[in-house]
Amino acid sequence: MTDPRASAERLLALEADNARLRRLLDEAGMPDSLRHGMRNTMAMMRTIMHRSAESVTDVESYVAHLDGRFGAVMRVQAATDAFGDANLHTLISDELMFHLVREGEQATIAGPRVRLRPRAALVMALALHELTSNAVEHGSLALPQGRVSATWAVGDAETGPPILTLGWAETGGSGIREPARRGFGTDVLEDMLAYDLGAQVRLAYAPDGLRCTIRLPLTDRIGRRLSEDPEVAWDDEVR
């Protein structure tokens with residue numbers, strides 16, 4: 001069970017780190033667009049380094065996990081640099097393919113066309129990396145019969161922006177249990193998604209695999225759903 005006091009302390013420490021980084025970049029006098037992009041990426045890198053070190057057991061695993069997490073950030077950074085925002089389907093499929101999990105074989109990916117703003121894409125990419133690497137190392141994808149389904153929908157809220165609901169469901173595992181100690185992946189899913197995106201996350205450790213549900217408001221700063229009409233969607237993307 002998550003300790004509310006510990007979660008609050010982690011969020012305060014993260015906010016203080018981000019404030020110091022903003023101050024340093026402001027003092028450097030960089031252009032606004034470049035400063036904003038660098039601030040997002042550097043803040044994420046600093047968070048990954050410090051939070052990964054908190055749960056380290058040995059240098060080798062620390063380096064391996066750090067490399068994987070940095071790789072996830074750099075992949076989405078390259079995509080958002082090229083297109084301005086990121087396609088949710090691509091974020092998921094790229095992360096799975098990096099771990100040699102192919103859509104249509106061990107993975108099912110389905111949902112409406114959603115594009116995420118750069119900061120939201122960074123946070124979501126890191127969450128997807130933690131889900132995928134955990135499934136490959138400890139969950140259902142560690143077994144030949146293991147499968148994962150990543151599906152999402154966008155629904156209207158009674159008040160406020162539409163709600164994006166992303167479901168991650170693993171099957172085919174064996175004896176899956178909740179970890180005895182809280183790690184970086186749980187921090188990302190339960191703290192970082194809430195802090196950066198206002199998300200609500202539910203984790204369930206079924207015997208055959210992890211179930212994770214992420215609900216977040218699809219505000220202008222987070223992302224948007226594109227029309228399913230190809231002509232409208234194309235016009236919307238190229239503007």
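This is a predicted model: local features need pLDDT of at least 70, side-chain atom pairs count only at pLDDT 80 or more; totals for chains, interfaces and linings use all residues.
Reader: Which residue of β4 stands opposite Ala 107?

Author: Val 148 in β4 does.

Reader: What holds strands of a sheet together in general?

Author: Backbone hydrogen bonds pair the strands of a sheet, in either a parallel or an antiparallel way.

Reader: What is the strand order in the open sheet of five strands?

Author: The order is β2-β4-β5-β7-β6, and the pairing is mixed. The edge strands are β2 (107-110) and β6 (200-206). Each has a single partner strand, so one side of each lacks a neighbour in the sheet. On average, neighbouring strands of this sheet are turned by 10° against each other, direction ignored.

Reader: And the open sheet of three strands: what is its order?

Author: It reads β1-β3-β8, with antiparallel pairing. Here β1 (86-87) and β8 (223-225) stand at the edges. A single partner strand each means that one side of each is left without a neighbour in the sheet.

Reader: How many bridges pair β3 with β8?

Author: Three bridges, in the antiparallel sense, with β3 covering residues 114-116.

Reader: Now the helices. What caps the N-terminal end of α4?

Author: Asn 87 does. One of its side-chain oxygens lies 2.8 Å from the backbone nitrogen of His 89.

Reader: Which residues of α4 are buried?

Author: Helix α4 spans residues 88-98. Its buried residues are Leu 88, Leu 91, Ile 92, Ser 93, Glu 95 and Leu 96. Then look just past the helix: Leu 100 takes a positive phi of about 65°.

Reader: At what angle do α5 and α6 pack, and how far apart are their axes?

Author: Helix α5 (residues 118-137) and helix α6 (residues 184-197) pack at about 160°. Their axes are 9 Å apart.

Reader: Why are α5 and α6 called roughly antiparallel?

Author: Angles over 145 degrees count as roughly antiparallel. The angle here is about 160°, so α5 and α6 are roughly antiparallel to each other. The crossing of α5 past α6 is left-handed.

Reader: Which residues meet where α5 and α6 touch?

Author: From α5, they include Arg 119, Ala 120, Val 123, Leu 126 and Glu 130. From α6, they include Phe 184, Gly 185, Val 188, Met 192 and Asp 196.

Notes. Residues are numbered from 1 along each chain as its sequence is written. Side-chain values use heavy atoms; hydrogens and water are left out. Two strands pair if DSSP finds at least two bridges between them. Helices (H or I, at least four residues) and strands (E, at least two) are DSSP runs, numbered from the N terminus. Buried means under 20% relative accessible area, exposed over 50%, partly exposed in between (1.4 Å probe, protein chains only). A polar contact is a pair of N or O atoms within 3.5 Å; within protein, one must be able to donate a hydrogen and the other to accept it, and residues adjacent in sequence count only if both atoms are side-chain atoms. Axes are lines fitted to C-alpha atoms, for helices over the stretch in contact, and angles run from 0 to 180 degrees between N-to-C directions. Angles under 35 degrees count as roughly parallel, over 145 as roughly antiparallel, 65 to 115 as roughly perpendicular and the rest as oblique. A crossing is left-handed if the near helix is turned anticlockwise from the far one by less than a right angle, and right-handed if clockwise. Contact means heavy atoms within 4.5 Å.
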